[in-house]
Amino acid sequence: MAAQSGLLAEVTRGGRVESHHLGRAVVVDADGSVVWSCGDVEAAVFPRSTVKSLLAIELVESGAADRLGLSSDALALACASHGGEKAHAEMAATMLASVGRDVGSLECGTHWPTYEPAGRALAAAHQDACPLHNNCSGKHAGMVCLSCDQGIDPTGYIDPSHEIQRRVTDVLAVMMDAPHDDANRGMDGCSMPTYAVPLKALAKGFARFGAGTGLSEGRSRAATRLREAVAANPFMVAGTGRYDTKIMDQFGARAFVKMGAEGVMIASLPELGLGLAIKTDDGANRAAEVAMSALLRRFGGETLCRDAADRDILDATATQTMRNWNGLTVGEIRSALTL
């Protein structure tokens, strides 16, 4: 086991442990104090798509969302890594139409829907995928909307030097109390910048996103509105069968959860003022899921889990049954955190 990593999850087969997933995890309060940690949480990670809700704050705080009449499901999509289902693509197009734009304004690139039935449906209809199906199209549509509302040409909004990109990056830096500059910048899969920050800083950002600690009144209201939008529309944030959607469909505004690429995952527990962050060493999202459910169960307590249904969904997602192609149980993936 790497000295800077801990054991997050293990995979069993035939009653034996077949594989291990190592990584780091941390729980912090809104002041940034560590409540619990596993591994080196000061080491930097690329947050990837976990920070989409923070990037959307300026869209709301600036007043653009209200002026453009963006609905709560549109705001949820701005925070999403969706599966490219029909409702996702249509909402992204609706957002663009609110500023007189279309799919040609998106700079995220094209991939087939990550939700396979949606991709098969497109192929069966002899249709091609387009940028609306990109899992990041909601975030990009939000950037285009913000640019147009502010009277700024959205062309090149993915460039770090673009005025709108600078504004949303400044929000990230303030929320996490961590530098976001040339020295720690990389490029995400959708061509937007992504900035390597300590895992602890990422968790702090989402503790503040939930609690509002240290935020201006306007920014706190914007964060609350985004959390409420996601809680009301959990399908828009991920989609059919996805972990984020299942958890937030159960808990509503009590828990904000967001998966990112390469095994990064965050959560915010607003009523408790806690932020949680996980990074798997091997980039496995399946390990981040089971570890997150274990953390939510442990640190959410009775505030989060109010009844048997709440407890059951965390139990079921902290230890997930693995089946083969015949539907037979072969083992499980389970959290291995020491809590």
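How much space lies in the largest pocket? About 550 Å³. Before you go looking, note that this is a predicted model, where local features need pLDDT of at least 70, side-chain atom pairs count only at pLDDT 80 or more, and totals for chains, interfaces and linings use all residues. Residues are numbered from 1 along each chain as its sequence is written, and side-chain values use heavy atoms, with hydrogens and water left out.

Start by selecting Ser 81, Thr 114, Asn 135, Arg 242 and Asn 285: of the 28 residues lining the largest pocket, these are the closest to its centre. Next, colour α12, which gives the largest share of that lining, three residues.

Show side chains, and you'll find Tyr 243, Ile 247 and Phe 251 of α12 meeting Glu 289, Met 292, Ser 293, Leu 296 and Leu 304 of α13.

Now hop over to Ser 105, in the loop between α5 (86-97) and α6 (116-124). Is Ser 105 buried or exposed? Ser 105 counts as buried, at 12% relative accessibility (buried means under 20% relative accessible area, with a 1.4 Å probe and protein chains only). Beyond its neighbours within four places in sequence, Ser 105 is in contact with Val 144 and Tyr 157 (contact means heavy atoms within 4.5 Å).

Last stop: the second largest pocket, with about 160 Å³ of space. Select α6, which gives the most to this lining, three residues.

Technical notes: Helix = DSSP H or I, 4+ residues; strand = E, 2+ residues; numbered from the N terminus. Buried < 20%, exposed > 50% of the residue type's maximum accessible area, 1.4 Å probe, protein only. 1 Å grid on protein atoms, 1.4 Å probe; cavity = no way out; pocket = protein on both sides within 12 Å on 5 of 7 lines; lining within 4 Å. Points joined across faces, edges and corners; volume = space filled by probe spheres on them.
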